[in-house]
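Here's a quick briefing on the model below. Have it open in your viewer while you read.

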Amino acid sequence: MLGVLGGFAVVGAVILVGYVAGRLVIGGPQAGYALNQVAFFVTNPALLFTVLADADLGSVFSEYMPIALISSLAIAVLYVLISRFLFRRPAAETAIGAMASSYVNANNIGIPIAFYALGDATPIAPVLLVQLLLLAPLYLTVLDLTSSRKPSFRAFLTQPFRNPMIIASLLGVAVAATGFRPPAPVWDSLALVGGAAVPMVLLSFGMSLPGSRPLRRSPDRLQVLTATALKSGLMPVAAYLTAHHLFGLDGQKLLSAVVVSALPTAQNVFMFASRYGRGIPLARDTVLLSSVLAIPALVVAAALLA
């Protein structure tokens with residue numbers, strides 16, 4: 001339990017620094033947006049490339065991968081249906097809500113929590129691959145097409161190959177699969193740039209918080225509550241049902257699948273929302289609330305399944 005709290009404390013401290021910087025308007029009123037842009041086009045692609053290029057693909061293609069995919073898509077589809085019949089929001093905002101409901105913080109929170117709470121960070125790698133190679137390209141393609149003035153079939157086919165984060169992920173997998181290793185100066189440079197990705201996203205998120213009031217009366221309030229309930233409450237249940245009844249997992253493996261699914265919404269969702277200017281309050285507030293609720297969710301999961 002102390003490991004779980006420690007992982008959240010580290011992330012929370014960086015967000016707090018960003019909040020203070022935002023309150024003091026350090027870097028100007030657009031500093032947070034600028035950090036998001038740099039993260040989207042520069043630091044995150046570098047991080048994704050180095051993480052995936054260093055991954056042992058043989059060990060990550062396990063039952064955790066289909067469990068993550070099935071549970072994530074189930075929750076995302078449920079949000080889309082609710083949005084379609086209740087919220088009636090545009091496609092881009094619905095995509096942000098679906099992502100906020102089902103895209104877990106597997107990197108900057110997931111890795112330390114898996115290591116400290118489970119004693120093994122292996123279950124995180126399949127989730128990262130599912131999100132980076134399947135779910136992120138899907139959401140980014142929807143956002144690109146719905147944000148474009150003239151969407152076309154050609155744009156639909158080529159969009160995944162024009163997004164820096166998707167390109168970096170595909171190149172990383174190619175390097176891991178072939179065993180090719182870039183020259184040391186190139187690799188070290190990418191690792192150095194990628195090391196700035198997580199703190200940059202967290203700082204940017206913290207800078208967006210001054211003046212925000214989660215759950216205030218606004219058109220986004222019901223969407224935030226729905227996305228948070230799906231992420232913090234229903235997604236661990238979906239992971240449990242999928243892991244236990246479809247794949248026959250129990251014991252430590254079942255606990256690992258549920259714990260990973262109970263992680264809060266990734267800050268990358270806020271980064272995507274800021275990049276495209278769609279659903280920013282929805283993404284920000286869901287990240288914040290799901291992060292608060294993740295601690296009791298993880299405690300309940302551990303108490304029931306440990």
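Helices here (H or I, at least four residues) and strands (E, at least two) are DSSP runs, numbered from the N terminus. With that settled, H4 is followed by arginine 88, whose phi is positive, near 55°. Bear in mind that this is a predicted model, where local features need pLDDT of at least 70, side-chain atom pairs count only at pLDDT 80 or more, and totals for chains, interfaces and linings use all residues. Residues are numbered from 1 along each chain as its sequence is written, and side-chain values use heavy atoms, leaving out hydrogens and water.

**Helix H4**

- H4 covers residues 64–87, 24 residues in total, and its first and last C-alpha atoms are 32 Å apart.
- That is close to the 34 Å expected at 1.5 Å a residue, the expected span being 1.5 Å times one less than the number of residues.
- Buried positions in H4 include Tyr64, Ile67, Ala68, Ser71, Ser72, Ile75, Tyr79, Ser83 and Phe87; buried means under 20% relative accessible area, exposed over 50%, and partly exposed in between (1.4 Å probe, protein chains only).
- An α-helix has 3.6 residues a turn, so residues three or four places apart point the same way.

**Nonpolar cores**

- A nonpolar core is a set of buried Ala, Val, Leu, Ile, Met, Phe, Trp, Tyr and Cys residues joined through side-chain atoms within 4.5 Å.
- The largest one has 60 residues, and Tyr103 and Phe272 touch the most other members.
- Setting aside neighbours within four places in sequence, tyrosine 103 is in contact (heavy atoms within 4.5 Å) with Gln131, Leu132, Leu135, Ala136, Pro264, Thr265, Ala266 and Val269.
- There's also a second, separate core of eight residues, with Ala243, Leu249, Leu254 and Val258 among them.

**Salt bridges**

- The structure holds four salt bridges, each being a side-chain nitrogen of Lys or Arg within 4 Å of a carboxyl oxygen of Asp or Glu.
- One of them pairs glutamate 63 with lysine 253 at 3.1 Å, N to O.
- This pair links distant parts of the chain, 190 residues apart: glutamate 63 sits in the loop between helix H3 (57–60) and H4, while lysine 253 is in helix H13 (residues 251–261).
- Glutamate 63 counts as partly exposed at 23% relative accessibility, and lysine 253 is partly exposed too, at 43%.
- Arginine 89 bridges to glutamate 93, with the closest N and O atoms 3.6 Å apart; arginine 89 is partly exposed at 27%, whereas glutamate 93 is buried at 15%.
- Arginine 284 and aspartate 285 meet at 3.3 Å, N to O; arginine 284 counts as buried at 9%, and so does aspartate 285 at 6%.

- Leu16, Tyr19, Val20, Leu24 and Ile26 make a nonpolar surface patch of about 470 Å².
- Patches are made of residues with over 30% relative accessible area and no salt bridge, joining like charges within 9 Å and nonpolar side chains (Val, Leu, Ile, Met, Phe, Trp, Tyr) within 5 Å.
- Accessible areas come from the Shrake-Rupley method with a 1.4 Å probe, and for residues only the protein chains shown count as cover.
- Valine 20 lies in helix H1 (residues 2–23) and is partly exposed at 40% relative accessible area.
- Serine 189, in helix H10 (residues 184–194), is partly exposed at 42%.
- The C-alpha atoms of serine 189 and alanine 46 are separated by 9.0 Å, although the two residues are 143 apart along the chain.
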